[in-house]
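User: I would like to learn how to read some features of a protein model, going from a general idea to the case at hand. Please use the structure below.

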Amino acid sequence: PVPHNPASTGSRPVVGVDPHAPAAMIVASSPASPASVRANPTLRGARTHRRRASLHPSASASSSFVARRRRPAVRRRGVAVVVHSAASATHALGVDVGTQGTKAILYDLSSKAIAGKGSCSYGLMPQPAGRPNAAEQDPSTWLEGVRVAVKAALEEAGLEPSAIAAVGVSGQQHGMVALDEFGEVIRPAKLWCDVESAAEAKELGARFGWAMQAGFTSSKVLWMKRHEPNNWARTEHVLLPHDWINYKLTGEIATDPGDASGIGVLDLTTRSFRDDLCDFVDPKFRRVLPTIVDPASDGGVLGTVTAEASRGWLDGLIPSGAMVSVGSGDNMMSALGAGCVDPGDLVVSLGTSGTVFGYSSTPVIDATGAVAPFCDATGGDLPLLCT
């Protein structure tokens, strides 16, 4: 997100697209269409390998998870109010919360260059006894990853936190983050690479008409309902990793069409969750899913960093009032950052997994399940093949 002069648009700042910005900071918005991205495609932000810290869990670490109850009832997304307009806020912050680590970059809005980079590596929780197909992380690991990565980026850039005007979050897709009525995490997040829900995915795929893979979030929800009924009974919100980081920043319960398409119950044409598919998982499933925010609405702004977040878990590393874009899943943000916004464009991405994906102006449904039916971050579609 790139702040514009409030005087030119009324009393409320808007957010547009800077076609030179790295992926985590580009959002599709009403002031600037995907065409501006097409005109100046950039590759995704530079690798953040200079400053690394480790959060790898010890092999002897306990796999137990204790939920904490502190917050009052959470709120779903309302109208974003943008209040951060300090003259010293000259940079945008991009954060990518991945499977093996979190990366951060600071982007100078004037020079259109990366000013600083930081990263923090971590691993999975130890697998519970007798569950070889589990792949889980404590979401608090991601918060520490954000702190470490952002601090390193600020140090490399020689900047104070007050320099941060806006934040864009990218995150690993599919992970199931279950919250209770107080907004507290109930259990470890089941990640995209967790395949304990293979049987549930097969069952849902047969019902939905395509061969769903175990990575899709809805299969993980059905698994929790059957194997951890007490946890499912407590669940009031189901978020994806990037949604949860945005929630921790802004207090808003929301997602975008790109990440929402990885849940497995999205109508790709209307960009809304299908009640019939949700009901097959559980009658309350539709109610606990987040609001879907069109990246073109409100200039792509989800909300602002709360004072509670800034003073609390962020340790003052991001100022309160900084704008937060709606963001998306990592593959959607990779496509956007690479300028993959026209039919025929393809991206090959090699990381924890290998992916090939491309822009499409219409939904692509592969009954075999080999090509995932994703939406992109600009209002189009993003069929994806994953190894």
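User: What joins the side chains of Gln137 and Gln172?

Analyst: A polar contact is a pair of N or O atoms within 3.5 Å; within protein, one must be able to donate a hydrogen and the other to accept it, and residues adjacent in sequence count only if both atoms are side-chain atoms. Here such a contact of 3.3 Å joins the side chains of Gln137 and Gln172. A polar atom of the Gln137 side chain also lies 3.3 Å from the backbone oxygen of Gly123. This is a predicted model, in which local features need pLDDT of at least 70 and side-chain atom pairs count only at pLDDT 80 or more, while totals for chains, interfaces and linings use all residues. Residues are numbered from 1 along each chain as its sequence is written, and side-chain values use heavy atoms, with hydrogens and water left out.

User: Is Gln137 buried or exposed, and where is its place?

Analyst: Buried means under 20% relative accessible area, exposed over 50%, and partly exposed in between (1.4 Å probe, protein chains only). Gln137 has 1% relative accessibility and so counts as buried. Its place is in strand 8 (residues 136-137); helices (H or I, at least four residues) and strands (E, at least two) are DSSP runs, numbered from the N terminus. Contact means heavy atoms within 4.5 Å. Leaving aside neighbours within four places in sequence, the contacts of Gln137 include Tyr122, Met125, Trp142 and Leu191.

User: Which residues touch the most other members of the largest nonpolar core?

Analyst: In soluble globular proteins, nonpolar side chains tend to be buried together. A nonpolar core is a set of buried Ala, Val, Leu, Ile, Met, Phe, Trp, Tyr and Cys residues joined through side-chain atoms within 4.5 Å. The largest one here has 43 residues, and Val265, Phe273, Phe285 and Leu289 touch the most other members. Helix 4 gives the most to this core, with four residues. Val265 is in contact with Phe273, Phe285 and Leu289, among others, leaving aside neighbours within four places in sequence. A second, separate core of 35 residues includes Ile164, Leu239, Trp244 and Val324.

User: How many residues of helix 4 are buried?

Analyst: Eight of its eleven residues are buried, so helix 4 is largely enclosed by the rest of the structure. Among them are Lys220, Val221, Leu222 and Trp223.

User: Which residues of strand 13 lie on each side?

Analyst: In a regular strand the side chains alternate between the two faces of the sheet. In strand 13 (residues 252-255), Glu252 and Ala254 are on one side and Ile253 and Thr255 on the other, all of them buried. Two strands pair if DSSP finds at least two bridges between them. Strand 13 pairs with strand 16 (residues 291-292) in the parallel sense over two bridges, and Thr255 stands opposite Ile292.

User: What order do the strands of the open sheet of four have?

Analyst: The order is 20-21-23-22, with antiparallel pairing. Strand 20 (346-350) and strand 22 (371-372) are at the edges with a single partner strand each, so one side of each has no neighbour in the sheet. Strand 20 and strand 21 (residues 354-358) pair over five bridges, with Ser349 opposite Thr355.

User: How many disulfides does the structure hold?

Analyst: A disulfide is a covalent bond between the sulfur atoms of two cysteines. With the criterion of a pair of cysteine sulfur atoms within 2.5 Å, the structure holds zero. Cys340 is buried at 3% relative accessible area, and Cys375 is buried at 0%.
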